[in-house]
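We will go from stop to stop.

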Amino acid sequence: MHEMSLAEGILQLVEDTARRENARKVKTVVLEIGTLSSVEVEALRFCFDAVTRDSLAEGAALEIQSVDGAGWCLPCGETVPMNELYGACPRCGSYQVQPTAGTEMRVKEIEID
Ligand SMILES: [Zn+2]
């Protein structure tokens, strides 16, 4: 599952940070997930709980902030909002839209003890 490898990647980053800071416990992990990233938030939460068991991040709260999608429409020559990857431009209906925001997922903040 796609979300399982994402959760493992998050845990690795979180644990590296926690060790570097000599943390005893990770309290909160804040993630930014773009609406175009095709990440299933519920599945990710489930996987995060599973992979953090017996780690420094066990029981950590997972806070998820959604990032709106946007793309550059070639015919319009401007940035337009996008709700789905490979979707049409809401202004002109063209499919020549390059996603510019909302396709990524990243760890924004880690709160440790
Ligand atoms: Zn357009």
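This tour visits a pair of helices, then the nonpolar cores.

Before you start, note that this is a predicted model: local features need pLDDT of at least 70, side-chain atom pairs count only at pLDDT 80 or more, and totals for chains, interfaces and linings use all residues. Residues are numbered from 1 along each chain as its sequence is written.

**Stop 1: two helices.** Select residues 2–20, helix α1, and residues 41–51, helix α2. Helices here are DSSP runs (H or I, at least four residues), numbered from the N terminus. The two pack at an angle of about 50°, with axes 8 Å apart. Axes are lines fitted to C-alpha atoms over the stretch in contact, and angles run from 0 to 180 degrees between N-to-C directions. So α1 is oblique to α2 (under 35 degrees is roughly parallel, over 145 roughly antiparallel, 65 to 115 roughly perpendicular, the rest oblique).

**Stop 2: where they touch.** On α1, select residues including Met 4, Ala 7 and Ile 10; on α2, include Leu 44 and Phe 48. Contact means that C-beta atoms, placed from the backbone, lie within 7 Å.

**Stop 3: the largest nonpolar core.** A nonpolar core is a set of buried Ala, Val, Leu, Ile, Met, Phe, Trp, Tyr and Cys residues joined through C-beta atoms within 7 Å. Buried means 20 or more other C-beta atoms within 10 Å of a residue's own. Which of the 17 residues touch the most other members? Select Ala 7, Ile 10, Val 14, Val 26 and Val 29. Helix α1 gives the most to this core, with 6 residues.

**Stop 4: another core.** Apart from that one lies a core of 5 residues, among them Leu 36, Cys 73, Met 82 and Cys 89.

Note on methods
Two residues are in contact if their C-beta atoms, placed from the backbone, lie within 7 Å. A residue is buried if 20 or more other C-beta atoms lie within 10 Å of its own, exposed if 12 or fewer, and partly exposed in between; C-beta atoms are placed from the backbone.
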